[in-house]
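Please open the model in your viewer and keep the sequence beside it. The stops below go from one pair of elements to an open space.

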Amino acid sequence: MTGPTPAELARLDATAQADLVRTGQVNPTELVDAAIACIEAVDPQLNAVIHPQFDEARALAAGDLPDGPFRGVPFLVKDLDNSYEAGRPYHGGTRFLQKHDYRPAADSELIRRYKAAGLVITGRTNCPELGLQPTTEPLTRGATHNPWDPTRSPGGSSGGSAAAVAAGLVPMAHAGDGGGSIRIPASACGLVGLKPSKGRHTNAPENEAWAGLVARNVVSHSVRDTAAALDVISGPMSGDPYQAPPPAGPFRAEVGADAGALRVGWIVDDPTGGLPTEPACAEAVQATLALLEAAGHRVEDSAPEGLQSDQLIGHFTTCFGAWTLQELGQLEALVGQPMVDGDVEPGTAAIAELGRTVTAVEYLDALDALHTWTRGLTSWWETHDVLVLPTMPVLPTLLGAFAGTPDNPLEGLALSTTVVLFTAPFNISGQPAISLPLHWTEDGLPVGVQLVAAYGREDLLLRVAAQLEAAAPWADRTPPIFAG
């Protein structure tokens, strides 16, 4: 390589790498070769990249790439979340798809849009089975390790993507979020993670996932990368069941735009009096509020009523079981074979069994209750602009913490409900929410802070996120396990 070294490239975000290609300082092959060198050198410590596509990536980089905003930038996709790529393995963390070597016949629309942006897919990342846990420890592939502390989880379900980006293997990676699965890994790994509004992007060829709770985007090092990636994937297709209101302009243009003087509310503790928020997570929120006040925003001790309730968890669990059971049936249809014992993990099978007990009327009643709850929650944004709260009420968990037992395979699910305490509500409401790496503990663990705006207002979130990034920059922070 005649240009920057792989170690130097590892410290650049995707926008900066694309600029090097655009100005002729490097070519796509050099970027891809550098990423491959980083993956080969560092990933054995992480177990983040489970399906390398190095030969294919090199061939693409040497060919005629689309002239998109990320032309030539190496990219990883999560082995889940509508990342169907023609001829490539797609296993979703399951032994079932792995043993049948399932490979889609065509790209999903999401993958088409990534490729049209000029991104070069270099491999696929690890994920928990079907994305059902906020950690990344599938029995099929083993645990992914957090580059900030390899004894801890990188979060889930996009933990493989987050660990890879945090360690500098690629500058940005695909992620998906049904209860916090973009934001939780972003928090655990010191990254930016934006869950878009419901209907912001198409889910084709799927209609929706988890009744529309699941959204896709990326984990990245910078607000500008996250905004530009959202531009890449945004927009409906004919036949989509719903769509978010179109933005006034490109999301990338919101980075650096004036946010005005906003009314900001906050919360740090579980309003039901349950699990106490760890001090570092509460401190991160308070420090962020101080930054917002200094930027001219009006901070008020206010938060939506009913953010959590025992009834909410019950209704969500009813739907969760039904969605899991449906998804197992969809996997059987993909390969044309029935599942047998051992094809999915005990916890997944137990969740599906919960779904098997749910009648159609019970499911519809639970879904209707979630919609009714959303009406009450979102009314708070009629008088406020942004809610600030922890991404997680706890620090990144130790690996193994979510493991079930033979007698109680659902034991991990109980812990999961505490970790997603502050993220899952906004999947239910469909609002955009972003986790920003604004705090670190004394011993060097990242702590994310979450900002939530009204439905369809990603533009506002990106403006405020860019203000915070400028006020408390994180670009120079790198974990102990890092390609550079």
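Which residues in helix 11 meet which residues in helix 13? Before selecting them, note that this is a predicted model, in which local features need pLDDT of at least 70, side-chain atom pairs count only at pLDDT 80 or more, and totals for chains, interfaces and linings use all residues. Residues are numbered from 1 along each chain as its sequence is written, and side-chain values use heavy atoms, with hydrogens and water left out.

Select Leu-312, His-315, Phe-316, Thr-318, Cys-319, Ala-322 and Trp-323 in helix 11, which meet Glu-362, Tyr-363, Ala-366, Leu-367, Ala-369, Leu-370 and Trp-373 in helix 13 (contact means heavy atoms within 4.5 Å; helices are DSSP runs of H or I, at least four residues, and strands are runs of E, at least two, numbered from the N terminus). By class, this contact has 11 nonpolar, 2 polar and 1 charged residues (Ala, Val, Leu, Ile, Met, Phe, Trp, Tyr, Cys and Pro count as nonpolar, Asp, Glu, Lys and Arg as charged, and the others, Gly among them, as polar).

Next, show the whole of helix 11 (residues 310-335) and helix 13 (residues 360-378), whose axes come within 9 Å and cross at roughly 130° (axes are lines fitted to C-alpha atoms, for helices over the stretch in contact, and angles run from 0 to 180 degrees between N-to-C directions).

Finally, keep helix 11 selected, as the largest share of the lining of the largest pocket, 7 residues, comes from this helix (a pocket is an open set of points on a 1 Å grid over the protein atoms alone, where a 1.4 Å probe fits, with protein on both sides within 12 Å along at least five of seven lines, and lining residues have an atom within 4 Å of a point). Strand 4 (172-177) and helix 11 each supply at least two residues of that lining. The lining has 33 residues, of which Glu-208, Ala-209, Trp-210, Glu-327 and Gln-330 lie nearest the centre of the pocket, and by class it has 15 nonpolar, 11 polar and 7 charged residues.
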